[in-house]
Amino acid sequence: MKVVGLTGGIASGKSTVVSTILTLGVPVIDCDKLARIVVEPTHPAYKKLVAHFGTGILQNQEMGQPLDRYKFGTIIFPDAAQRRVANSIIHPAVRDEILKRLFKYWIKGTSLVVIDVPLLLEGELWRIVSDVIVVYCSPEMQLARIQSRDGLSEEDALARINAQKPLIEKVAYADHVINNTSDLNSLKLSTLNVMAAIKPNPFWTVLAYFPPFTAVLVAWVVAKRHLKGDPRKTKPASKDSSSGSNPPAHAS
């Protein structure tokens, strides 16, 4: 089973990419949904969040009540230290949920699974996937889209954008880039082209059913990522690229 990581940024067009992938019959693990599951009152991560942030992040400020996402957002989006604490609680819980679902897909004989992870890079999950796909658009387009979509002020929109790694930096990690700077049809076509390029060979899919070979495949993927290195250390962004106006030339 081939596992591919898909990431982008808020209002980058990733939802459209996911919808296109689903039309191909490829399962997508939605980590936004998993992140909502792990903060439900019945999940251990919920208690850890309340222990650190207090009941003020809950609806009616009462233990056992659902998380008040707006209040929680006003705490973690502007404050990097608080955001790191929240991520240190939520990310491991989400990873556990991902692994559970990957195991189920492997048992079913699924040949390709896409993990839709907004924080694929921040959460270090890029190290364990075969390919990284990044959906890219310019910062200006990102800002305009989130303001139009969510009705946010420029300040609030920028706070949410700046809570994530800049898209131009994410491109440095990518094996495939889907460039969302044109129209919807172009975005869908780019998505289909990338999916055709990463389609796994049926021969390897059959071999992956044998546990020893599966272990070898997993070790190979991890080793490949390790040898490739962390772009943050090996490939710092230049002044030209940091503007985010265009992705590098390997964009699809």
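Trainee: How many helices and strands are in the chain?
Mentor: This is a predicted model, where local features need pLDDT of at least 70 and side-chain atom pairs count only at 80 or more, while totals for chains, interfaces and linings use all residues. Residues are numbered from 1 along each chain as its sequence is written, and side-chain values use heavy atoms, without hydrogens or water. Going by DSSP runs numbered from the N terminus (helices H or I, at least four residues; strands E, at least two), the chain has 13 helices and 5 strands.

Trainee: What share of the chain is buried?
Mentor: Buried is under 20% relative accessible area with a 1.4 Å probe, protein chains only. The chain has 252 residues, and the buried part is 42%.

Trainee: Is α1 parallel or oblique to α9?
Mentor: Take α1 (residues 14–23) and α9 (residues 184–198): their axes, lines fitted to C-alpha atoms over the stretch in contact, sit 9 Å apart at about 55°. Under 35 degrees is roughly parallel, over 145 roughly antiparallel, 65 to 115 roughly perpendicular, the rest oblique. So α1 against α9 is oblique.

Trainee: Which residues of α1 make that contact with α9?
Mentor: Contact means heavy atoms within 4.5 Å. On the α9 side you'll find L184, L187, K188, T191, L192 and M195. The α1 side brings T16, V17, T20 and I21.

Trainee: And what residues of α7 does α6 meet?
Mentor: Helix α6 (residues 139–150) and helix α7 (residues 154–162) cross at roughly 120°, their axes coming within 9 Å. From α6 come Q142, L143, I146 and Q147. Facing them in α7 are E154, A157, L158, R160 and I161.

Technical notes:
Buried < 20%, exposed > 50% of the residue type's maximum accessible area, 1.4 Å probe, protein only. Axes fitted to C-alpha atoms, helices over the stretch in contact; angles between N-to-C directions.
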